[in-house]
Amino acid sequence: NRAMEKEVCRGKDGRLLKKKACLAEQVERYEEMVEAMREVVEWAAEEGRELSFDERSLFTVGYKNLVGQRRASWRMLTAMRKKEEEKGNVDELKVIDEYKSLIEHELNNLCCEVFHILNHCILPNSHSTESKVYGEKMKADYQRYLCEVLTGDKQREAIREASKSYQLAFDLATTDLRATDPIRLGLALNYSVHLYEVLHL
């Protein structure tokens, strides 16, 4: 009876967390959205349960916005730096570089957080092809985001990891998912971006 009561309480809490995540999305409070969905994902992992479509969507949207904000800031600072470099403004360059470094650190932390959740919570409990493709695609996407701000060996490693996950997701998707499946279509689009913009193929 206690076990049943615990499951009922957890189910109610899970629904409340998802409602909180939806509300946070509506008011663009993505930190709170991510925080709520992390709890949902951890609970699902404890139960050995695959995430539902809605849960995957909420998890994706939260992190995509947090990372997207930083990617946009990083690009703007990169453009600003180029202009200041042309002007020879050394002091301005120092401030921009410090700010860029902060954003790169935040971006790296967020991506590593996503990798940890995917590798330890989502993928080990992905039983359907759809869920496996979702996990590998997301892993590849976030490695690709890291590629934008990394250099040297770290960048090459991120590129290799992105390519590996995209290929794994692609092999699964083309074997088991319909050609019109939204996850398969999204994967094809993002993989093509990786091949064209990162690998220059």
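Buried here means under 20% relative accessible area. That cut-off is handy for the opening view, and every view below comes from a predicted model.

**View 1. H194, tucked into helix 7.** H194 sits in helix 7, the run from residue 182 to 198. Its relative accessible area is 0%, so H194 counts as buried.

**View 2. Helix 4 against helix 5.** Two packed helices are described by the angle between their axes and the distance between the axes. Here we're looking at helix 4 (residues 90-122) and helix 5 (residues 129-149), whose axes come within 10 Å and cross at roughly 160°. Angles over 145 degrees count as roughly antiparallel, so that's the label for helix 4 and helix 5. Their crossing is left-handed. On the helix 4 side, the contact is made by E104, L107, N108, C111, V114, F115, L118, N119 and I122. Helix 5 answers with Y134, G135, M138, K139, Y142, Q143, Y145, L146 and V149. Sort the residues of this contact by type and you get twelve nonpolar, four polar and two charged.

**View 3. H127, in the loop between helix 4 and helix 5.** Now for the loop that links the pair from the previous view, where H127 is found. Is H127 buried or exposed? With 54% relative accessibility, H127 counts as exposed. Even so, H127 has contacts from elsewhere in the sequence: leaving out neighbours within four places, they are G48, E50 and K132. Take E50, which is 77 residues from H127 in sequence, yet the two C-alpha atoms are 6.8 Å apart in space. The H127 side chain also reaches the backbone oxygen of G48, at 3.5 Å.

**View 4. E28 and its positive phi.** Most residues other than glycine have a negative phi. E28 isn't a glycine, but its phi is positive, at about 60°. Where does E28 sit? Look in the loop between helix 1 (2-26) and helix 2 (30-46). At 58% relative accessibility, E28 counts as exposed.

Key:
Residues numbered from 1 in each chain as written. Predicted model: local features only at pLDDT ≥ 70, side-chain atom pairs only at ≥ 80, totals over all residues. Heavy atoms only, no water. Axes fitted to C-alpha atoms, helices over the stretch in contact; angles between N-to-C directions. Helix = DSSP H or I, 4+ residues; strand = E, 2+ residues; numbered from the N terminus. Parallel < 35°, antiparallel > 145°, perpendicular 65-115°, else oblique. Left-handed = near helix turned anticlockwise from the far one by under 90°. Contact = heavy atoms within 4.5 Å. Nonpolar A, V, L, I, M, F, W, Y, C, P; charged D, E, K, R; others polar. Buried < 20%, exposed > 50% of the residue type's maximum accessible area, 1.4 Å probe, protein only. Polar contact = N/O pair within 3.5 Å; in protein donor to acceptor, adjacent residues only side chain to side chain.
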